[in-house]
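Student: I'm new to this one. Please walk me through it.
Tutor: Happy to. Have a look first, then ask away.

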Amino acid sequence: MDVSRVLLKHAQGGPNQPMWTAIRGNVYDIEGWVERHPGGDVIRVAAGRDATWLFESYHGKHVENVLEQLYVGKLVDGNDGIEQVEKRTEKDEKMDHVERSSTPTVRKRKNQEHKRMDEPAGREELEGTKRSTENRSDDDPWESHEPQDVLRMMEEDLEPVATYKTGPFYDELKRRVNKEMRQKGVNLRTSTSMYVKSALILTSCVITWWNAFFSPYQALRMVCAALLGFCRAQVGVSIQHDANHGAYSKNKLASTIAGASLDFVGASSFMWKQQHVVGHHAYTNVDGMDPDIRVGEKDVRRVTQYQPWHPHHALQHLYLGWLYSLLAIKSFAVDDFQALHTGRIGNVRINRMTRIEMGIFWAGKLFYFCCVYMVPCLLSTSGWMELILLWSMNEAVAGWTLAFLFQVAHVVGEVDFIKADEKTGRVDCEWAIAQLETTADFSHGSSFWLHVSGGLNHQVVHHLFPGICHTHYPKIAPILKQLCLEKGVKYRVFPSFWSALQAHFRYMKHVGSVKVPSLATVG
């Protein structure tokens, strides 16, 4: 069976729809595997899209036998995909059932009516084109007399996919890491120290929140407001970061709760997974694909030489440091709702939310708003001006902590920014090598920075092994370093956080200079 990218896009699970993903050009039905998935719900982000490099970064060769059991068919693209979808609309229900009767989703639903069970994803859109012209809306861009026109518009709405070269580097690295960790008896997914750390962070959040708004001492209120922002950032870079990468616990409920901790300190764990796990990790620093470096047409910042330049960018190294303080409040009040409304974060399409995910989204927003804004307004003895100052300190410190820790890893002059081929999406290197070329570490050997950064001082290791708890990164870094020496691959490590931060602003000054033209407009 051939599956077009249009059909794949709509196979995200839900009522009467399968849950499919594509890996190395093959399509797999993962609906029946979600509950048994060792990494928890993180598998859901793969639904309805090409998840080749997400799969490769989380799994070894031992899972190949599982994929064979979930096989649906081949992924087809371009015009062939459109023709295939049109051909499928001409098949009767009986033939459609025969084609799909061997897939896991159909086997699971064998007691349901054939029509509901076998309805292919995307078919509803095709049948919609048969409606009479009386019911059409002139403002509806999806409505057309021709099914092929609708399909072409649907294809244009697909998220871009980059394809990398294959090579032996990543397989050899995985082999060495797995061998050494097995010899040492290390459980890479979990860590007792991570649970202790989580308890300390969450307790600190409660203590700093209370003292920030209800302490009788003004000086303590100010200090705790800043510390509250820092503790919220620690939830983001440590607890939820590991949990939403499936690197926290083998217990599904524990992982879900830890992942949802982000929601209750302001941001959305669902949106974070769509942006970070789906977009950023798969296509790190790939212009137009990595949502972490996306910019608007007249954005306040310019991150790569491929992006448009404007005169104000010449000063971005001076004002961005202050604007980073708005990152946390912007995520809470603007970005998450914008993504919910548009269904996209940059070029990354947002998957459908389950009822549980939707509930966590709104419960988290309400909880944070009530605790940080409404309750202090009603019960705190602080005046309005002081409350505004306390809120500002909380949000600014959280924003600065998050922005600085993430920016020094990918937005520095020492790493590369990639431009995939516009027609084919090809990137001229191996995926694992691309992670090394687009990412930098800092402060190796520092336990302080390991825990304060949530392991982001070993960002390269994190990108290559996102499913491993960050407290284990220092064990893996020497193995990676040795392989890089043998293969002649550069492993970028700044000696300190300060040197990495300086490199970030030095690069922002460089790329914001008028002397660096926009390659997007050259020629």
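Student: Where does S443 lie?
Tutor: S443 is in the loop that runs between β9 (441-442) and α20 (447-452). Those labels are DSSP runs numbered from the N terminus: helices are H or I with at least four residues, strands are E with at least two. As for what you're looking at, it's a predicted model, where local features need pLDDT of at least 70 and side-chain atom pairs count only at pLDDT 80 or more, while totals for chains, interfaces and linings use all residues. Residues are numbered from 1 along each chain as its sequence is written, and side-chain values use heavy atoms, leaving out hydrogens and water.

Student: Got it. Is S443 buried or exposed?
Tutor: S443 is buried, at 5% relative accessible area. Here buried means under 20%, exposed means over 50%, and partly exposed is in between (1.4 Å probe, protein chains only).

Student: What about the phi of R24?
Tutor: R24 has a positive phi too, of about 55 degrees, and R24 isn't a glycine either. You'll find R24 in the loop between β2 and β3 (26-29). With a relative accessible area of 38%, R24 is partly exposed.

Student: Which residue does R24 form a salt bridge with?
Tutor: With E56: the closest N and O atoms are 2.7 Å apart. A salt bridge here is a side-chain nitrogen of Lys or Arg within 4 Å of a carboxyl oxygen of Asp or Glu. This pair links distant parts of the chain, with R24 in its loop and E56 in helix α2 (residues 52-58), 32 residues apart. E56 counts as buried, at 13% relative accessibility.

Student: How many salt bridges are there in the whole structure?
Tutor: A search finds 14. One of them brings together the side chains of R506 and E414, at 3.8 Å from N to O. R506 is in helix α23 (residues 497-511) and E414 is in the loop between α18 (384-410) and β8 (426-430), so the bridge ties together parts 92 residues apart in sequence. R506 is partly exposed at 48% relative accessibility, and E414 is partly exposed at 35%. There's also a network: E172, R175, R176 and E486 are joined by salt bridges that share partners.

Student: How far apart along helix α10 are E180 and K184?
Tutor: Four residues, which means about one helical turn separates them in α10 (residues 169-184). An α-helix has 3.6 residues a turn, so residues three or four places apart point the same way. E180 counts as partly exposed, at 29% relative accessibility.

Student: Switching topic. How many residues does helix α12 have?
Tutor: Helix α12 (residues 218-243) has 26, and spans 36 Å from its first C-alpha to its last. That's close to the expected 38 Å, which is 1.5 Å times one less than the number of residues.

Student: Where does α12 bend?
Tutor: At V235, by about 35 degrees. The bend is the angle between axes fitted to the seven residues ending there and the seven starting there.

Student: Why is α12 described as largely enclosed by the rest of the structure?
Tutor: Because 19 of its 26 residues are buried.

Student: Last one: which helix holds M374?
Tutor: That's α17 (residues 355-379). M374 is partly exposed, at 38% relative accessible area.
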